[in-house]
Amino acid sequence: MSVQGSLLDESIDADIEAISLEIEALKETPTVPPKEKPRRVALPASFPRREVRHEPGKHAMHCGCSWSGIGEDISEKARLTPPGL
């Protein structure tokens, strides 16, 4: 075998060893479990509620048609009100 061939074999062996070490390092790294996504839950029934409706005005459209609502979106928000106010 020529000198070049032996140098190539040494290079391949070194590369294989380096790759093996990298694979072992990756196997030893503990995986972090994914964070749980926060879930929205309904506010307790004992909380006071106030309903606020935002209705569009009865405007005529440019085409002469009248505006009509197409749906309803409901959300609950908790707001802290200091005692005595």
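Of the 85 residues in the protein chain, 1% are buried, where buried denotes under 20% relative accessible area, exposed over 50%, and partly exposed the range in between, with a 1.4 Å probe and protein chains only. The structure is a predicted model in which local features need pLDDT of at least 70 and side-chain atom pairs count only at pLDDT 80 or more, whereas totals for chains, interfaces and linings use all residues. Residues are numbered from 1 along each chain as its sequence is written, and side-chain values use heavy atoms, with hydrogens and water left out.

Helix H1 covers residues 3–28. The accessible surface of the chain amounts to about 9400 Å², and carbon and sulfur atoms account for 59% of it. Accessible areas were computed by the Shrake-Rupley method with a 1.4 Å probe, and for residues only the protein chains shown count as cover.

Two surface patches are described next. Patches comprise residues with over 30% relative accessible area and no salt bridge, like charges being joined within 9 Å and nonpolar side chains (Val, Leu, Ile, Met, Phe, Trp, Tyr) within 5 Å. A patch of negative charge is formed on the surface by Asp9, Glu10, Asp13 and Asp15. Asp and Glu count as negative and Lys and Arg as positive, while His and the chain ends are not counted; each charge is placed at NZ of Lys, CZ of Arg, CG of Asp or CD of Glu. Asp15 lies in helix H1 and is partly exposed, at a relative accessible area of 45%. Leu8, Ile12 and Ile16 make a nonpolar surface patch of about 270 Å². Ile12 is also located in helix H1 and is partly exposed, at 39% relative accessibility.

One salt bridge was found in the whole structure, the criterion being a side-chain nitrogen of Lys or Arg within 4 Å of a carboxyl oxygen of Asp or Glu. Lys27 pairs with Glu24 in a salt bridge, with 3.9 Å between the closest N and O atoms. Lys27 and Glu24 are three residues apart in helix H1, and therefore about one helical turn separates them. Lys27 is exposed at 61% relative accessibility, whereas Glu24 is partly exposed at 41%.

Definitions and conventions. Helix = DSSP H or I, 4+ residues; strand = E, 2+ residues; numbered from the N terminus.
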